[in-house]
Amino acid sequence: AGATSLWERLNEPNQCSTSHNHHCYSHISAFFIKDLAGIHYNPDTLDHTRCDIRPIFPTEVNDAEGYFDSPSGRIFSAWKRENGGITLTVEIPDGISGKLLLPKGWRLDGAKTEAALSTSVYKIVRE
């Protein structure tokens, strides 16, 4: 009663909770990095040298960017709506490999929806 945030109980039952201000919306940062920027570092938790870029392009959003500092260096992804398509810029450090995977309804030139990941500027269009 009277809570304005999520209370976290770390103590035994019938003892006062020590945390009355637990962050309950922390997933928002993960949403920005993983979903909007599309950075999926070590997606299978098996290979710390792998990163897939799988951004989403919500119609309400015109641009997004994010980064993740991996042990090999910074992984950066940014996209922007331009001329009816998307310009996606990706920077990955040496030693990182993976795939660029586009959401349904989008493709690279040549009708590909998937490509080997590299530091590059990709032009993406609607299918």
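A salt bridge here is a side-chain nitrogen of Lys or Arg within 4 Å of a carboxyl oxygen of Asp or Glu. Keep that cut-off in mind for the first stop. The model on screen is predicted.

**Stop 1: Lys 99 and Glu 114**

Select Lys 99 and Glu 114. Their closest N and O atoms are 3.2 Å apart, so the pair forms a salt bridge under the 4 Å limit. Lys 99 is partly exposed, at 38% relative accessible area. Glu 114 is partly exposed too, at 40%.

**Stop 2: the other salt bridges**

How many salt bridges does the rule count? The count is four. Go to Arg 50 and Asp 52. They form a salt bridge, with the closest N and O atoms 2.5 Å apart. Is Asp 52 buried or exposed? Asp 52 is buried, with 3% relative accessibility. Arg 50 has 24% and counts as partly exposed. The cut-off explains the two labels: buried means under 20%. Asp 44, Arg 50 and Asp 52 are linked in a network of salt bridges.

Move on to Asp 69 and Arg 74. Their side chains meet in a salt bridge at 2.8 Å, N to O. Asp 69 is partly exposed, with a relative accessible area of 47%. Arg 74 is partly exposed at 44%.

**Stop 3: the whole fold**

Zoom out and switch to cartoon. From the N terminus, the order is β-β-α-β-β-β-β-β-β-β-β-β. The protein has 127 residues, and 30% of them count as buried. Take the contacts with a separation of 6 or more: 35% of them join residues 24 or more positions apart.

**Stop 4: the five-strand sheet**

Colour strands E5, E6, E7, E11 and E9. They make an open sheet in the order E5-E6-E7-E11-E9, with antiparallel pairing. Which strands lie at the edges? They are strand E5 (63-70) and strand E9 (106-108), each pairing on one side only. From one strand to the next, the twist averages 20°.

Stay with E6 (residues 73-82) and E7 (residues 85-91). Seven bridges join these antiparallel strands. Pick Arg 81. Its bridge partner in E7 is Ile 86.

**Stop 5: the nonpolar patch**

Select Ile 28, Phe 32, Ile 33 and Phe 68. These residues form a nonpolar patch on the surface, with about 330 Å² of accessible area together. Which element gives the largest share of the patch? Helix H1 (residues 27-36) does, with three residues. Phe 32 lies in helix H1. Phe 32 counts as partly exposed, at 43% relative accessibility.

**Stop 6: Ile 56**

Finish in the loop between strand E4 (51-53) and E5, where Ile 56 lies. Ile 56 is partly exposed, with 34% relative accessible area. What does Ile 56 touch, not counting residues up to four places away in sequence? Show Phe 31, Asp 35, Leu 36, Trp 79 and Pro 103: these are the contacts. Draw a distance from Ile 56 to Trp 79. Their C-alpha atoms are separated by 9.8 Å, while the two residues are 23 apart along the chain.

Notes. Residues are numbered from 1 along each chain as its sequence is written. This is a predicted model: local features need pLDDT of at least 70, side-chain atom pairs count only at pLDDT 80 or more; totals for chains, interfaces and linings use all residues. Side-chain values use heavy atoms; hydrogens and water are left out. Helices (H or I, at least four residues) and strands (E, at least two) are DSSP runs, numbered from the N terminus. Buried means under 20% relative accessible area, exposed over 50%, partly exposed in between (1.4 Å probe, protein chains only). Contact means heavy atoms within 4.5 Å. Patches are made of residues with over 30% relative accessible area and no salt bridge: like charges are joined within 9 Å, nonpolar side chains (Val, Leu, Ile, Met, Phe, Trp, Tyr) within 5 Å. Accessible areas come from the Shrake-Rupley method with a 1.4 Å probe; for residues, only the protein chains shown count as cover. Two strands pair if DSSP finds at least two bridges between them. Axes are lines fitted to C-alpha atoms, for helices over the stretch in contact, and angles run from 0 to 180 degrees between N-to-C directions.
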